[in-house]
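Please look over the sequence and structure first.

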Amino acid sequence: MKKIDKFEKPFLLTLVFIQVFWIFTGQAQAMHISEGILPFRWALVWSLVAVPLVAFGLYRLKKQAREETSFKPLVGLMAAVVFIISCMPIPVPTAGTCSHPCGIGISGILVGPAISVLISALALLIQALFLAHGGLSTWGANIISMGLMGSLAGYLIFKVLRYLRINLAVSGFMAGLLADWATYGMTAFELALGIRGESPFLPLFWKILIAFVPTQLPLGILEGAMTAGMVTLLYKKRPDLLIKMKVLRAEEVKA
Amino acid sequence: MKRGRKSSALIIKRGKTTNLILLLVMLLSTLSTQSSFCAAEKWPGVDEAVVKKIAKEQGREARDPLIPTDQGDLLLFVFLLAGVVGGFIAGYYWRVLMVEKGAKKNVQEKEGIN
């Protein structure tokens, strides 16, 4: 027990330092759709789509927490990770802009897309209310892009790659990468639909998507690396947890 | 006895590595902090550079947030609070999962074997 403590303390300290780094660079440089950008009609549509998904996430959380005692702490950890990562601005020298990863890929892999939607909804609500990051009227749209599309992409890519017996770290990397890109793809889709007015949809969609590329291409790779690192770290420290969460099969761990 | 020494050496080695990582993180954080304060105007967020810009071209503009925390250094303070709370929660649940529940699981496994 003492040995584990010795090893854990520096890790917690590192977390604190990362926090300090994030705090001091913490200007609101975001990718979430800001307050008032979407017309009321579209804001309402996305909110109506998001609310049942959030309710379903809550239902799944209650159900799974009854079955597995480690589930609630894992969801708590993922919520904090998603919240921290999704408002951590990272400068991209190649683009001259700042943006942030989403952290939603790892959440989708570990707790599943349904609960991941709930986690993103909570993180986005706190950010919209207190951090001038995103918006209340665009809350639903941001949940769909980050929570639903990001989690689903991460979850599905990871499952498919693991089914094809691809290495755990590579699967995690690809899941993180594509979760990030899927989030921005969906953001471009929502924006183009909402703000196009009389303009045709597709040219505007491509314009927004291409404008995201210089920043999100490298950030997606960073998110992939972070996701691969987290999955591998959990595999080394608590493989039993990954089996319980159905991320891995017991035979895979024994092998 | 030998085994005990080996594991202590391993812990010291791990400690050194993590200290080195800590040092690197601190160095990077200092550099990043300096650059972000000096060049805040030069590094606009992608929301400014892409989302708001294209929305403005299409005749849509962002509104002020409901709670206007983006006033001067107030935003830094709110980020500080959020960082402390977020960091505490992450650290707390990490400890619950990796130390407390991990140790409990190890004990259960040992008892099962014995």
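Which residues does A:Leu178 touch, not counting residues up to four places away in sequence? They are A:Ala153, A:Gly154 and A:Ile157. Contact requires C-beta atoms, placed from the backbone, within 7 Å.

## Basis

This is a predicted model; local features need pLDDT of at least 70, side-chain atom pairs count only at pLDDT 80 or more, and totals for chains, interfaces and linings use all residues. Residues are numbered from 1 along each chain as its sequence is written, while chains are lettered from A and ligands numbered from 1 in the order written.

## Nonpolar core

The largest nonpolar core has 90 residues. Such a core joins buried Ala, Val, Leu, Ile, Met, Phe, Trp, Tyr and Cys residues through C-beta atoms within 7 Å. A:Leu178 is among those with the most contacts inside it, along with A:Met78, A:Val81, A:Val82 and A:Ile143. Helix α7 (residues 168-195) of chain A gives the most to this core: 14 residues.

## Helix pair in chain A

Helix α4 (residues 104-111) and helix α5 (residues 113-130) of chain A pack with axes 7 Å apart, at an angle of about 140°.

From α4(A), A:Ile104, A:Ser107, A:Gly108 and A:Val111 meet α5(A) residues including A:Pro113 and A:Ile119. By class, this contact has 5 nonpolar, 4 polar and no charged residues.

## Chain B

Chain B has 3 helices and 0 strands. Helices are DSSP runs (H or I) of at least four residues, strands (E) of at least two. Of its 114 residues, 19% are buried, with 20 or more other C-beta atoms within 10 Å of their own.

Note on methods: Buried ≥ 20, exposed ≤ 12 C-beta atoms within 10 Å, placed from the backbone. Axes fitted to C-alpha atoms, helices over the stretch in contact; angles between N-to-C directions. Contact = placed C-beta atoms within 7 Å. Nonpolar A, V, L, I, M, F, W, Y, C, P; charged D, E, K, R; others polar.
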